[in-house]
Amino acid sequence: MAVSGGGKTLRIAIAGDLHGEWDHSDHALLDCLAPDALLVVGDLSDGQQRIPALLRQLPMPVACILGNHDTGKDASGRTLQHQIDLLGEVHCGWKMRALSPPDLAVVGGRPATAGGGFKLSRAALAAFGPVSLQESADRITAAAATAPTDWPLVLLSHSGPCGLGSDATSPCGRDWKPPACDWGDLDLALAIRQIRLNRPVPLVVFGHMHHALRRGQGDRQSFCRDRAGTSYLNTACVPRHGTDGAGQALRHFSWVELVGQEVVSASHRWFGLGGELLYEERLWTAPNPAPNPAPNPAPELAPC
């Protein structure tokens, strides 16, 4: 696919916090949709082996970061390390994963983060040893420095960076207890500033903070852009397996299209099991895009 200016369009599917909701129906759906790459933002389950093994089976470019739930509440770090071993090269924590094709550089943030500034859990300390705020930011920055300069760069983290707002509805806002505050990662925010001294960062993808706020407070803002042109996308639609009011089975993916170093569109999409796009929530469309048909509004999801 090409757009005005002759650039190649990269189509990226992103799976938000899975929390156990990943199976062969997702593989069949991806086979129908044929995105150029799949990104997974973590919280696969609570340390079980099934989903990492499934992700390794996918015959397409995949990058994954692990989240706080992936420690399995095992303070020894053995469960976390086992998840990393199962994922193998698919896991990109503190590393650059070169996906070629489609010539996309994915750099992972700090593995197993639970947000809230900077803190390593006991499991993360056991698995990785002591890592300071600056050391973590420098690891992310160094990984980005290895990415080909003519490839678009995506930062993939379980929690997003701090600096995106301090309301409960902000992309990384704390909603489970008052007062609301910015619950993003300081090391990721610092790394973004450091990386942008040398190259653009078109897209930062994360999850952790679920779209539906606690205690019926409404929905979270899941997308924003800063003045430097970086797009931030929270993909944590939970549950991502569901049904609509008519009983149709739904699978959620966030969807981003990149041309060169620019995000040209971003949306949340709910697909039927046969690959049909049933609902879409459009988040961003670059100026002067090609016209698209109007989508259906986002559904009210019910767990399967």
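Axes here are lines fitted to C-alpha atoms, for helices over the stretch in contact, and angles run from 0 to 180 degrees between N-to-C directions. Helices (H or I, at least four residues) and strands (E, at least two) are DSSP runs, numbered from the N terminus.

**Ground rules.** I'm working with a predicted model, where local features need pLDDT of at least 70, side-chain atom pairs count only at pLDDT 80 or more, and totals for chains, interfaces and linings use all residues. Residues are numbered from 1 along each chain as its sequence is written, and side-chain values use heavy atoms, with hydrogens and water left out.

**Helices.** I looked up helix α2 (residues 50-57) and α3: their axes come within 8 Å and cross at roughly 20°. That makes α2 and α3 roughly parallel (angles under 35 degrees; over 145 is roughly antiparallel, 65 to 115 roughly perpendicular, the rest oblique). For contacts (heavy atoms within 4.5 Å), I found Pro-52, Leu-55 and Arg-56 of α2 meeting Gln-83, Asp-85, Leu-86 and Leu-87 of α3.

**Rings.** I turned to aromatic pairs, and the structure holds five. Rings of Phe, Tyr and Trp (its six-membered ring) pair if their centres lie within 6.5 Å; planes under 30 degrees apart are stacked, over 60 edge-to-face, the rest tilted. One of them is Trp-94 with Phe-128, edge-to-face at 5.2 Å centre to centre and 80° between the planes. Trp-94 sits in the loop between α3 (78-87) and β4 (96-99) and Phe-128 in helix α4 (residues 122-128), so this pair ties together parts 34 residues apart in sequence. I checked accessibility too: Trp-94 is buried at 11%, while Phe-128 is partly exposed at 24% (buried is under 20% relative accessible area, exposed over 50%, partly exposed in between, with a 1.4 Å probe and protein chains only).

Most residues other than glycine have a negative phi, and most peptide bonds are trans. I found a cis bond from Pro-101 to Pro-102, omega near 20°, with Pro-102 in the loop between β4 and β5 (104-108). Asp-103 lies in the loop between β4 and β5 as well, and has a positive phi of about 65° although it is not a glycine.
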